[in-house]
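Hi,

Here is the structure for you to look through. My notes on it follow below.

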Amino acid sequence: MKILRDSCVKKKESIPEVAFREAIANALIHRLWDSKRNIQVSMFEDRVEVLSLGGLPSEITKEEFLGKHGSILRNRIIGNIFFRLNLVEIFGTGIYRIRQAYENSVSQPMFQISEHSILIILPLFESEIELEEDEKVVCEQLSSTIIRSMGQLMKNSPFSRTKTRTILNQLIERNIVQKTGNGRSTGYLLSKIIE
């Protein structure tokens, strides 16, 4: 049985577009082009990783890099092209904008800085979904992998069939629960974006 903490669940969404764009732009604008290694973009089930070649310029500390800082362009021509194409806004704010994109997320981006590379890890965006106590009771009986029928839900439900159906419909409207099938073959699943 699924246990939900503090009457809320986590909703997983895709990587924020602004964070992904800034990570790629940062990797291209600030990389060391004399290296034979490639920029690496790796996609996993729960995150995207962008590995850029070249550590921090000597003029910037790690603390400055993770906040707002003046821009030190390694590749001024590429930086200006990205700026003119509106692919970046203001130089020196990319990492700040990535962090800002995750402001309301449970999971946060991570930055691994070494002498020769910078790895930006962008997790799936997770936000808390508040549930009423009745909704929590129904969700605790559901699974994201096993379809449950109304009959199965009613075996452990303290509510009437009508109230359970009303709660399920509310959860379906909020994309927390998915309805499958029709008539007697109707079933219910926790949405795949819910952990």
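First, a term: buried means under 20% relative accessible area, exposed means over 50%, and partly exposed lies in between (1.4 Å probe, protein chains only). Phe125 is buried, with a relative accessible area of 12%. Tyr102 also counts as buried, because its relative accessibility is 0%.

This is a predicted model: local features need pLDDT of at least 70, side-chain atom pairs count only at pLDDT 80 or more, and totals for chains, interfaces and linings use all residues. Residues are numbered from 1 along each chain as its sequence is written, and side-chain values use heavy atoms, without hydrogens and water.

**Aromatic pair.** Rings of Phe, Tyr and Trp (its six-membered ring) pair if their centres lie within 6.5 Å; planes under 30 degrees apart are stacked, over 60 edge-to-face, the rest tilted. The whole structure holds 1 such pair. Tyr102 and Phe125 form it, tilted, at 6.0 Å centre to centre and 35° between the planes.

**Cores.** A nonpolar core is a set of buried Ala, Val, Leu, Ile, Met, Phe, Trp, Tyr and Cys residues joined through side-chain atoms within 4.5 Å. Which members of the largest core touch the most other members? They are Ile98, Tyr102, Ile120 and Leu122, out of 17 residues. Another core lies apart from it, with 16 residues, including Leu131 and Phe159.

**Contacts.** Contact means heavy atoms within 4.5 Å. Leu122 touches Ile98, Tyr102 and Pro109, among others, not counting residues up to four places away in sequence.

Leu85 counts as exposed, because its relative accessibility is 55%.

Best wishes
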